[in-house]
Amino acid sequence: MSEHLTVVTHPLVQHKLTIMRDKDTSTASFRQLLREISQLLAYEVTREMAMTMKQIETPMCAMDAPVLAGRKMVLVSILRAGNGLLDGILELVPSARVGFVGLYRDEETLQPVQYYCKLPPDLGDRLVIAVDPMLATGNSSAAAIDLLKQAGARNIRFLCLLAAPEGVARMKEAHPDVPIVTAALDERLNEKGYIVPGLGDAGDRMFGTR
Ligand code: URA
């Protein structure tokens, strides 16, 4: 991927996103739409997966046909909202390995602190897709990518539903080698770090918490 930021403007993605943004959309609908959009975004983020040719026989004749090459892809969910993007993508790529990274924000330093990290082996040989619906300040996303790189990942992409310009700039500064795929680039962050117009707290909306 040559672009650092790809906004997926497909009408289905944009329509579903609008319903998700609506404050009156139910938890069940929000979750289902996130699952559907995750698959449409996955189509874009996996566009350049390595391929090879394999000889098969159709009922008509032998042919060389394209198949995925190399080690299994890795999805890394940035907890907890990242989990909302996992199931849909796993339906498309059932053999993907899955890792989890948990970070919280230290109230004094305001810096992300790791509380959980469980990753598949051999990250260096695999396409690694980190998923988190909201790229807001970019601090926790950049810290999560730091962890993936420390664990050996070299071919990383970041998939989110919404991005703020501040988050995109932070990621570009910290990880210019990590392309970002999103459904929308919103206007700004508010004083509490929420994306505006955004959709509120993605974790709360998908899990029904507050
Ligand atoms: N996380 C969210 O869930 N929503 C935002 O708007 C920003 C960060």
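The reply below starts with the model as a whole and then turns to the site.

Reply: This is a predicted model. The protein chain averages a pLDDT of 96, and 100% of the residues score at least 70. The model scores are ipTM 0.96 and pTM 0.95.

First, the setting. The protein chain holds 6 helices and 14 strands. Its radius of gyration is 18 Å, close to the 17 Å from the globule rule for 210 residues, so the chain is as compact as a globular protein of that length. The C-alpha trace spans about 65 × 40 × 30 Å along its principal axes. Buried residues make up 35% of the 210 residues. Among contacts with a separation of 6 or more, 62% join residues 24 or more positions apart.

Now the site. The "binding site" annotation comes from an unreviewed UniProt entry and covers Ile195, Gly200, Asp201 and Ala202. Two of these residues can be followed further here.

Take Ile195. It sits in strand 14, residues 195-196. Ile195 has 27 other C-beta atoms within 10 Å. The cut-off for buried is 20 or more, so Ile195 counts as buried. Leaving aside neighbours within four places in sequence, Ile195 is in contact with Met134, Ala136, Leu162, Ala164, Asp186 and Leu189.

Asp201 is another case. It lies in the loop between strand 14 and helix 6 (202-207). Asp201 has 14 C-beta neighbours inside 10 Å and counts as partly exposed.

Methionine 134 stands opposite leucine 162 in strand 10. Strand 8 and strand 10 (residues 162-163) pair in the parallel sense over 2 bridges. They belong to an open sheet of 3 strands in the order 8-10-12, with parallel pairing. Strand 8 (134-135) and strand 12 (184-185) stand at the edges with a single partner strand each, so one side of each has no neighbour in the sheet.

Helix 5 covers residues 165-174, and its residues Gly167, Val168 and Met171 are buried. Seen down the axis, the buried residues fall within an arc of 100°, so they line one face of helix 5. The face turned away from that buried side carries the exposed residues Ala169 and Glu173.

To recap the site: Ile195 is buried, whereas Asp201 is partly exposed.

Terms used: Residues are numbered from 1 along each chain as its sequence is written. This is a predicted model: local features need pLDDT of at least 70, side-chain atom pairs count only at pLDDT 80 or more; totals for chains, interfaces and linings use all residues. pLDDT is the predictor's confidence in each residue, from 0 to 100. Two strands pair if DSSP finds at least two bridges between them. Helices (H or I, at least four residues) and strands (E, at least two) are DSSP runs, numbered from the N terminus. A residue is buried if 20 or more other C-beta atoms lie within 10 Å of its own, exposed if 12 or fewer, and partly exposed in between; C-beta atoms are placed from the backbone. The arc is that of the directions from the helix axis to the C-beta atoms. UniProt positions are given in the numbering used here, feature names are shortened, and annotations may be inferred rather than shown by experiment. Two residues are in contact if their C-beta atoms, placed from the backbone, lie within 7 Å. The radius of gyration is taken over C-alpha atoms; the globule rule is 2.2 Å times the number of residues to the power 0.38.
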